[in-house]
Amino acid sequence: MGEQLSPDAKFSLITRNLQEVLGEEKLKQILQERELKVYWGTATTGKPHVAYFVPMSKIADFLKAGCEVTILFADLHAYLDNMKAPWELLELRVQYYEQVIKAMLESIGVPLDKLKFVKGTDYQLSREYTLDVYRLSSMVTEHDAKKAGAEVVKQVEHPLLSGLLYPGLQALDEEYLKVDAQFGGVDQRKIFTLAEKYLPSLGYTKRIHMMNPMVPGLTGAKMSSSEEESKIDLLDKKEDVKKKLKKAFCEPGNIQNNGVLSFVKHVLFPLCSEFVIKRDPKWGGDKVYTAFEEVEKDFAEEQIHPGDLKASVEVALNKLLDPIRKKFETPELRKLTSRAYPEASKNKFAAKGNPKNAAEEDDVVPSRLDLRVGKIVSVEKHPDADSLYLEKIDIGEEQPRTVVSGLVAYVSQEELQDRLVILLCNLKPQKMRGIESQAMLLCASIEGDPRRVEPLDPPEGSAPGDRVFVEGFETGKPDDELKPKKKVFEKLQVDLKISDECIAQWKEKDLLTKLGKITCKTLKGGNIS
């Protein structure tokens, strides 16, 4: 792809629009001898947004210059960064990132056969890599590790050790991916300098580091996956793109921290070589620009109105997004999207400095439910309520739990006595007609006249205390207690159903124990509560 270019032309193409290059002379020397090997990594956390077109357009430059390019899906980094991606979602997020990044590259005309895609955990869990992590941790001070990650790793009052490991692992990736250079945003600079300082101490070569400027978001600050108003999602509908651009910071004549103008510079011009300002004939009609500097000059002199700039960017941006939207209309990718990013809690504010709480706020996933098999050791009528049973249920703890359930009209005492059932064990205890219920007995139900209800059945051979989990969410740790105001169970319960085979499911994923599937006897298509 870069065969006809001279080394100087390749250098110019590789470095255009970059804010900084550490190791320019080494870059020039390599280009005199052979093609450059470079990698770009992305932690698989929140959904990629339109600012990802900035590194994508740069990757297009690298390929035009003949570079060998590797894209790293840094799943382990996503977990280490204050658990921005829960362990049970890592594989799904990698799949989502791979699909969406490839769709972005295809939308800007980048041939995928020239790229190498690698998942971090494919090599970062190896014996050799792990040993190097230990070797590096014996050299890097806590001060240096914290400083290196200051602009990349989520900063909290009481940081986890995992966040301190993050910069060192990124440094080691350069060696294990066998590249000459790493490419990233200028916010990665301190990680890059840590790599330059410590890799030689392990006997590895110091690499070249190439940095993009940070593109302002729509609010004028850094575009962020975690700040909804600062970003345009790659799958946003056209009306949402219009609405977000309309709100974007774009002050007349102001070319500083202008995310709309920056997008023109770092994405549209490198990809298209020209940009058309669309406007009403009475204001001069459409104007074609072939250099960004002309756009910037006219905007600074208020020859281009912010409304016309936004409208023109909207047209160009939707052309880039249309093929991505179309690709993600397939049932398979829609399902992948919903599984990789389960509906998040609307309340994004976690307890300050507590990363566990932050993870809880962000991800409403079934592994947060403490579901267990229980055995009903006694059952009697509630002394103050004819419709309620009072049960003692063994869930593998020292003492049975007291559970109050409204099953009198549906299930006889004889059917419940000594029966194995499924319990939700981490709800906040609640008094029901004067007696505290310490868990919820889960049942299938179908509304109608009469309403039908059946307790869920664990697989044969189950024992009190056996853990129940959703397929694909085996490894997550349940909350100590589900906070009533967060309504975690209520949000998950919407997707708890009984299949046509009488199997309990969440979003069509089976509820399981180590021995098999959770079922009910007859209520196909029922709800679970």
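1. In α6, Glu128, Tyr129, Asp132, Val133 and Leu136 are in contact (heavy atoms within 4.5 Å) with Leu165, Gly168, Leu169, Leu172, Asp173 and Tyr176 of α8. The residues of this contact comprise seven nonpolar, one polar and three charged; Ala, Val, Leu, Ile, Met, Phe, Trp, Tyr, Cys and Pro count as nonpolar, Asp, Glu, Lys and Arg as charged, and the others, Gly among them, as polar.

2. The model is predicted, with local features requiring pLDDT of at least 70 and side-chain atom pairs pLDDT 80 or more, while totals for chains, interfaces and linings use all residues. Residues are numbered from 1 along each chain as its sequence is written, and side-chain values use heavy atoms, leaving out hydrogens and water.

3. Helix α6 spans residues 127-137 and helix α8 residues 161-176; they pack at an angle of about 130°, their axes 10 Å apart. The two helices are therefore oblique to each other (angles under 35 degrees count as roughly parallel, over 145 as roughly antiparallel, 65 to 115 as roughly perpendicular and the rest as oblique).

4. Tyr129, Asp132, Val133 and Leu136 are the buried residues of α6 (buried means under 20% relative accessible area, exposed over 50%, partly exposed in between, with a 1.4 Å probe and protein chains only). Viewed down the axis of α6, these residues fall within an arc of 105°, so they line one face of the helix. Their cover includes α8 and α9 (189-198). Arg127 and Tyr134 are exposed on the face of α6 turned away from its buried side.

Key
Axes fitted to C-alpha atoms, helices over the stretch in contact; angles between N-to-C directions. Helix = DSSP H or I, 4+ residues; strand = E, 2+ residues; numbered from the N terminus. Arc of directions from axis to C-beta.
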